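These are my notebook entries on a structure with more than one subject of interest.

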Amino acid sequence: MYTASDLRKGLKIQIDGEPYIVTEFDFSKPGKGQALYRTKMRNMITGVQFTQTYRSNDKFERPNLEERTMQFLYSQDDEFHFMDTTSYEQIFLTREQLGEHLNFLIDNMEVQVLFFGDRPIDISLPTFVNLEVTVADPWARGDTSGTDTKPVTVQTGFQLQVPPFVEQGDKIQIDTRTGTYITRVKE
Amino acid sequence: MLGPSGLRRRSELMGALRAFFLARDYLEVDTPVRLPCLLPEAHIVAFSSDGWWLQPSPELCMKRLLARGCERLFQICHCFRKEECGRLHQSEFCMLEWYCSGTDYLGLMAECEELLTSLGRALSHFPSLQVSGHLQWQDKKIDLSLPWERLSVHDAFRRYTGMEVEEALARDLFEELLVSRIEPRLGQQGPVFLYDYPLALGSLARRSTARPKVAERFELYIAGVELANGFSELTDVKEQRHRFASEIASLHSQGREAAMPERFLNDLEHMPASAGIALGVDRLFMLLSGVTDIRQAIPFPEETL
């Protein structure tokens with residue numbers, strides 16, 4: 001079981017036997033009052049969305065999803081193909097199903113594909129991924145504009161803010177849950 | 001996450017806060033962050049630490065110092081609250097808390113106005129404060145000129161929810177309406193004090209003599225963000241013991257530990273009439289640096305540790 005304090009964007013829970021994913025989440029706690037967990041959820045089978053506010057003592061069932069380790073092979077049109085690394089079975093998910101995961105998905109990456117029955121419905125990415133910076137403005141040392149970060153683009157096309165010393169061609173580690181820069185990595 | 005220039009601005013904010021209070025003859029104190037017994041509060045979950053607790057607020061020790069004869073004191077310290085994480089919450093955060101004897105919550109509201117006005121001058125080189133008397137945050141231009149609006153909780157419920165506050169409480173909708181309907185409207189043109197909370201939400205605040213259904217408590221809002229919570233302190237030991245007993249009962253019903261803070265109650269006998277307030281420093285810095293998520297205003301968001 002999950003409790004309300006486990007709720008966060010991307011968490012999957014089960015309601016009335018069907019899997020739901022939290023698509024938007026806002027924690028609020030007015031001073032001296034009880035915590036409120038405002039969530040927007042999407043049914044992972046039908047795509048139907050709804051919003052609901054939960055409280056600390058609410059509990060949720062974990063969805064009955066099977067996880068299989070698969071490797072991302074290639075995309076064609078809006079289909080993204082994955083292969084089971086032990087059975088070599090191939091499946092695909094659509095662009096819509098993958099949503100924001102595409103910000104961090106690169107060829108040959110190993111991910112967990114989630115199955116509801118025999119239907120692939122989602123993937124879960126590694127928490128941290130290393131991606132190459134493809135577009136970055138050069139760092140002007142002694143820059144006095146007072147900004148601590150600059151925008152860069154990584155190989156997937158995703159844009160994020162990083163410290164100014166990060167340069168084009170660097171590999172950086174990104175937290176896939178938040179899309180934030182963690183560190184520069186040497187390879 | 002902050003880099004060198006963000007950290008410099010944060011340090012300048014800390015300096016300006018200290019300068020304000022020291023110039024007003026406030027004593028800066030540093031009280032223990034690990035305590036054997038906490039003030040019982042049903043909606044706050046503390047971290048345990050080898051049989052003791054990490055402070056969710058410096059309130060307990062600072063009030064004991066008031067009782068010891070300190071008349072004006074402030075502290076900037078870290079506080080810890082379990083399971084609080086979001087755009088405006090981190091489970092470890094920086095708090096500014098100050099107490100002043102011989103004043104009440106109205107006096108504290110005026111002091112909040114003076115504090116922000118003083119910061120506006122001291123930090124006028126911040127991009128957010130470059131237009132004199134205003135705070136630029138996102139696409140909002142917030143007018144800091146005095147006096148700030150004072151809106152009672154009673155009137156706020158009437159104005160923004162169409163439901164009386166008594167009914168919202170009876171139907172357990174108080175927080176939900178506050179968060180969804182009221183807070184987003186507060187402090188969008190200029191800062192707002194939301195004041196006079198129902199007695200049930202009075203916490204450690206004194207009951208108003210003129211309006212016995214409310215406690216003399218207020219919250220300061222800027223741009224929809226709850227920035228500070230202050231009140232006229234309750235010094236009636238009997239009443240305080242009674243309120244603690246009901247919080248302890250509520251905690252026990254949730255299966256959580258709680259004990260009567262006897263030493264605190266003992267000292268409360270000697271505490272002068274006073275008022276105290278806690279202000280979220282990370283949230284203040286978030287507003288002053290133009291960002292919308294507290295993680296962008298602190299040195300190390302939890303997920304980067």
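I call a crossing left-handed if the near helix is turned anticlockwise from the far one by less than a right angle, and right-handed if clockwise. I noted that this is a predicted model, in which local features need pLDDT of at least 70, side-chain atom pairs count only at pLDDT 80 or more, and totals for chains, interfaces and linings use all residues. Residues are numbered from 1 along each chain as its sequence is written, while chains are lettered from A and ligands numbered from 1 in the order in which they are written.

**Entry: helix packing in chain B**

I took helices (H or I, at least four residues) and strands (E, at least two) as DSSP runs, numbered from the N terminus. I looked up α1(B) and helix α3 (residues 105-122) of chain B, whose axes come within 10 Å and cross at roughly 130°. That angle makes α1(B) oblique to α3(B). Angles under 35 degrees count as roughly parallel, over 145 as roughly antiparallel, 65 to 115 as roughly perpendicular and the rest as oblique. Axes are lines fitted to C-alpha atoms, for helices over the stretch in contact, and angles run from 0 to 180 degrees between N-to-C directions. I recorded the crossing of α1(B) and α3(B) as right-handed.

Which residues of α1(B) meet α3(B)? I found Ala16(B), Ala19(B) and Phe20(B) in α1(B), against Leu115(B), Ser118(B), Leu119(B) and Ala122(B) in α3(B). Contact requires C-beta atoms, placed from the backbone, to lie within 7 Å. By class, this contact has 6 nonpolar, 1 polar and no charged residues. Ala, Val, Leu, Ile, Met, Phe, Trp, Tyr, Cys and Pro count as nonpolar, Asp, Glu, Lys and Arg as charged, and the others, Gly among them, as polar.

**Entry: strands**

I count two strands as paired if DSSP finds at least two bridges between them. In chain B, strand β5 (residues 72-80) runs parallel to β1 (residues 27-28) with 2 bridges, and Leu27(B) has Leu73(B) as its bridge partner. With β6 (residues 92-101) of chain B, β5(B) runs antiparallel over 9 bridges; there Arg72(B) stands opposite Cys100(B).

**Entry: contact between chains**

I listed 23 residues from chain B and 21 residues from chain A in the contact. On the chain B side, α6(B) gives the largest share, 4 residues.

How values were computed
Contact = placed C-beta atoms within 7 Å.
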